[in-house]
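Dear colleague,

I am passing on to you the structure that we talked about, and below it I have written out what I found when I went through it. Please keep it open beside this message while you read.

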Amino acid sequence: MIPAVSRTLAKLFADETSLKGTEQIDFHPPSRSLVGASVLSVYCYGIQANTEVHQKRIAGMNLSFLISAWDATVLGEQQLLSEVLSSLLRHRRLAGDWLAPELQECSELSIEVESIPAIEPVVLWKSLGVPIRPALYIRVQVPV
């Protein structure tokens, strides 16, 4: 399920940004090796069960992603992050052809840009060993 969600996000970002294709999307944790590369890092850093309060059963999974842009210039990074943000705001729900084949049985994926990430940003970046930088934190809800 997690790789399928990652591929779905990669398809969305490759289609709706100035990226030349999914080969410019990296799923590894952001690292200093990305400095100067023209790449979008889409890193899944958290997985939580989404339970319905009243029925106390698992209704789905919440996957937390850290999305950071890497480029030779700061303006290039800001442009790519802006394009990704615009795409996410247009597509708060993904269904049909956007979904990877393994997710076709899901009616849709819900995507939320988080104002408060699952992990405090300073703690997350410090654990990755990379100085804090502009990034988007999103949560993708996958029905079970």
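**Asp-26 and its surroundings**

Leaving aside neighbours within four places in sequence, Asp-26 is in contact with Val-39, Leu-40, Ser-41 and Val-42. Please bear in mind that this is a predicted model. Asp-26 belongs to strand S1, which covers residues 25–26, and although Asp-26 is buried, it has no salt bridge, the nearest side chain of opposite charge being that of Arg-133, 12 Å away. The side chain of Asp-26 does, however, reach the backbone nitrogen of His-28 at 2.8 Å.

**The nonpolar cores**

The largest nonpolar core has 30 residues, and those that touch the most other members are Val-5, Leu-9, Phe-13, Leu-40, Phe-65, Leu-88 and Val-140. Helices H1 and H2 and strands S2, S3, S5 and S6 each supply at least two residues of this core, with the largest share, six residues, coming from H1. If residues up to four places away in sequence are not counted, Val-5 touches Leu-63, Phe-65, Leu-103, Leu-109, Val-140 and Val-142. There is also a second, separate core of twelve residues, which includes Val-39, Tyr-45, Leu-128 and Val-130.

**Helix H3**

Which residues of helix H3 (residues 121–128) are buried? They are Pro-121, Leu-124, Trp-125 and Leu-128, and because they cover an arc of only 90 degrees around the axis, they lie on the same side of H3. On the other side of H3, Val-122, Lys-126 and Ser-127 are exposed. After H3 comes Gly-129, whose phi is positive, near 75 degrees.

With best wishes

Technical notes:
Residues are numbered from 1 along each chain as its sequence is written. This is a predicted model: local features need pLDDT of at least 70, side-chain atom pairs count only at pLDDT 80 or more; totals for chains, interfaces and linings use all residues. Side-chain values use heavy atoms; hydrogens and water are left out. Buried means under 20% relative accessible area, exposed over 50%, partly exposed in between (1.4 Å probe, protein chains only). Helices (H or I, at least four residues) and strands (E, at least two) are DSSP runs, numbered from the N terminus. The arc is that of the directions from the helix axis to the C-beta atoms. A nonpolar core is a set of buried Ala, Val, Leu, Ile, Met, Phe, Trp, Tyr and Cys residues joined through side-chain atoms within 4.5 Å. Contact means heavy atoms within 4.5 Å. Lys and Arg count as positive and Asp and Glu as negative; His and the chain ends are not counted. A salt bridge is a side-chain nitrogen of Lys or Arg within 4 Å of a carboxyl oxygen of Asp or Glu. A polar contact is a pair of N or O atoms within 3.5 Å; within protein, one must be able to donate a hydrogen and the other to accept it, and residues adjacent in sequence count only if both atoms are side-chain atoms.
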